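Dear colleague,

I am handing over the structure we spoke about, and I would be grateful if you could look through it before reading my notes. What I found is set out below the structure itself.

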Amino acid sequence: MMAMGDYAKKSTPLGSACAPVGRSQGITPIPLLQEPLTNWTESFCSLKSKPAPWCSVTVRGSRYTSKDESGRRRLSVKNPEPVVKWAGGKRQLLDRIIGRAPAQYDHYFEPFLGGGAVLFSLQPPKMTVNDINAALMSLYRRIQTDPEGIIDAVNAIDGALPREKEPASEYFYTLRSRYNDLIRKQDYGLESDALMLFLNKHCFNGLYRVNAKGEFNVPYNGSTASSLNEDNIYAVSRMLQGATLLNVDFEQACRDAGRGDFVFLDSPYAPIKADSFQDYTKEGFHKEDHERLAVLFKDLDKRGCFVMLTNHDTRLIRDLYKDYRIDVVSVRRAINSDASKRRGTEVIVTNYLGAPDNES
């Protein structure tokens with residue numbers, strides 16, 4: 001699921017040098033990676049008119065990944081887990097979603113990837129995954145093709161993070177500004193990938209949120225902890241080998257889905273109280289987009305796909321999917337600042353039989 005941003009039917013161009021798109025042809029894929037950034041700390045220091053005192057700090061040692069006799073990192077056998085925390089993530093619903101997944105299917109499609117909790121739990125052998133957030137998909141492509149490069153870059157950023165509160169805060173906001181500058185320029189590369197991981201782990205509640213200008217604006221959470229688990233980066237990279245990664249509109253992402261394939265649709269939420277047009281548009285996914293998604297759901301059903309969709313339990317969603325199985329489940333909305341609104345219900349919609357209706 002994306003965090004915020006406008007969904008246009010056209011894809012977001014990411015560059016001229018592009019990797020193969022797998023099964024999908026004619027769809028703008030993620031660009032091939034550029035040369036690795038070898039000294040991120042030096043890059044950060046160059047942003048300031050006077051080098052900060054922490055710019056000479058050496059990179060902290062690895063906590064997670066062992067090395068073989070040659071000194072090269074050894075691939076872990078760890079099962080992959082999400083590398084970013086994403087608004088609308090499905091970790092708390094995993095058991096109920098996985099319990100409803102078809103026992104057998106051919107190809108897995110997920111057009112609203114976000115943090116990818118369902119993907120990493122299912123670990124399908126064949127997959128096409130997509131998100132409208134270009135920076136996020138650039139990060140996934142980086143992990144897929146250059147796990148050691150992203151590990152080194154993030155470790156360099158972590159190694160320069162001061163332990164004291166005020167310098168650490170200054171460091172965070174300087175890097176946040178740098179990240180926003182890269183995103184405005186659509187300059188997706190190792191630097192923006194590494195910054196996304198660092199900011200996601202060090203921002204309040206791990207919430208990826210942008211303002212009306214498209215700028216990441218979540219404040220610092222005060223943490224000086226490591227930004228990544230190296231074993232997990234390798235596990236995710238291994239799982240993504242052979243996967244098709246896209247950055248296009250959700251309809252295009254599902255274009256090749258056919259009979260026997262499984263499509264999981266975790267779109268941006270419909271507002272719980274939709275009293276005005278703004279209640280939809282403020283989330284970047286308009287009411288018309290929800291209606292367009294419902295048309296896609298029906299089309300996928302006709303193609304013979306197994307289709308599952310999750311969303312808030314609202315009148316709009318119930319009306320759009322009234323011809324399909326709708327199961328209501330209780331959820332905790334941890335990122336809501338109002339504690340009274342942290343409990344609610346969501347729906348899991350499928351076009352096939354799954355878990356019992358009365359599951360809570």
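Does F198 count as buried or exposed, going by its relative accessibility? The model is a predicted one, and in it F198 has 0% relative accessibility, so this residue counts as buried, the cut-off being under 20%.

**The chain as a whole**

The protein chain holds 12 helices and seven strands, and of its 360 residues 54% count as buried. Among the contacts in the protein chain with a separation of 6 or more, 74% are made by residues 24 or more positions apart.

F198 belongs to helix α7, which covers residues 190-202 and, with its 13 residues, reaches 18 Å from the first C-alpha to the last, close to the 18 Å expected at 1.5 Å a residue.

The aromatic pairs number 16. One of them joins Y171 and F198 in an edge-to-face arrangement, with 5.8 Å from centre to centre and 90° between the planes. Since Y171 lies in helix α6 (residues 165-184) and F198 in helix α7, the pair ties together parts that are 27 residues apart in sequence. Y171, at 0% relative accessibility, also counts as buried. Both residues are members of one aromatic cluster, which is formed by Y171, F172, Y173, F198 and Y220.

A further edge-to-face pair is made by F297 and Y321, with 5.1 Å between the centres and 70° between the planes. This pair links distant parts of the chain, F297 being in helix α11 and Y321 in the loop between α12 (315-320) and β6, 24 residues apart; F297 and Y321 are both buried.

**Helix α8**

Helix α8 (residues 230-239) is likewise largely enclosed by the rest of the structure, because nine of its 10 residues are buried. Those buried residues are E230, D231, N232, I233, Y234, A235, V236, S237 and M239, and what covers them includes α3 (117-122), β2 (127-130), α4 (134-145), α5 (147-159) and also α7. At the N-terminal end of α8 the cap is provided by N229, which has a side-chain oxygen 3.0 Å from the backbone nitrogen of D231.

**The sheet**

The seven strands make up an open sheet of mixed pairing, in the order β3-β2-β1-β4-β5-β7-β6. Its edge strands, each of which pairs on one side only, are β3 (244-246) and β6 (325-332), and from one strand to the next the twist averages 15°. The strands β6 and β7 (residues 343-350) run antiparallel and are joined by eight bridges; in β7, G344 is the bridge partner of V331. Helix α11 (residues 287-303), the helix that holds F297, packs on this sheet, where it touches β4 (262-265), β5 (306-312) and β7, and its direction makes about 160° with that of β5.

With best wishes

Note on methods. Residues are numbered from 1 along each chain as its sequence is written. This is a predicted model: local features need pLDDT of at least 70, side-chain atom pairs count only at pLDDT 80 or more; totals for chains, interfaces and linings use all residues. Side-chain values use heavy atoms; hydrogens and water are left out. Helices (H or I, at least four residues) and strands (E, at least two) are DSSP runs, numbered from the N terminus. The expected span of a helix is 1.5 Å times one less than its number of residues. Two strands pair if DSSP finds at least two bridges between them. Axes are lines fitted to C-alpha atoms, for helices over the stretch in contact, and angles run from 0 to 180 degrees between N-to-C directions. Contact means heavy atoms within 4.5 Å. Buried means under 20% relative accessible area, exposed over 50%, partly exposed in between (1.4 Å probe, protein chains only). A polar contact is a pair of N or O atoms within 3.5 Å; within protein, one must be able to donate a hydrogen and the other to accept it, and residues adjacent in sequence count only if both atoms are side-chain atoms. Rings of Phe, Tyr and Trp (its six-membered ring) pair if their centres lie within 6.5 Å; planes under 30 degrees apart count as stacked, over 60 as edge-to-face and the rest as tilted.
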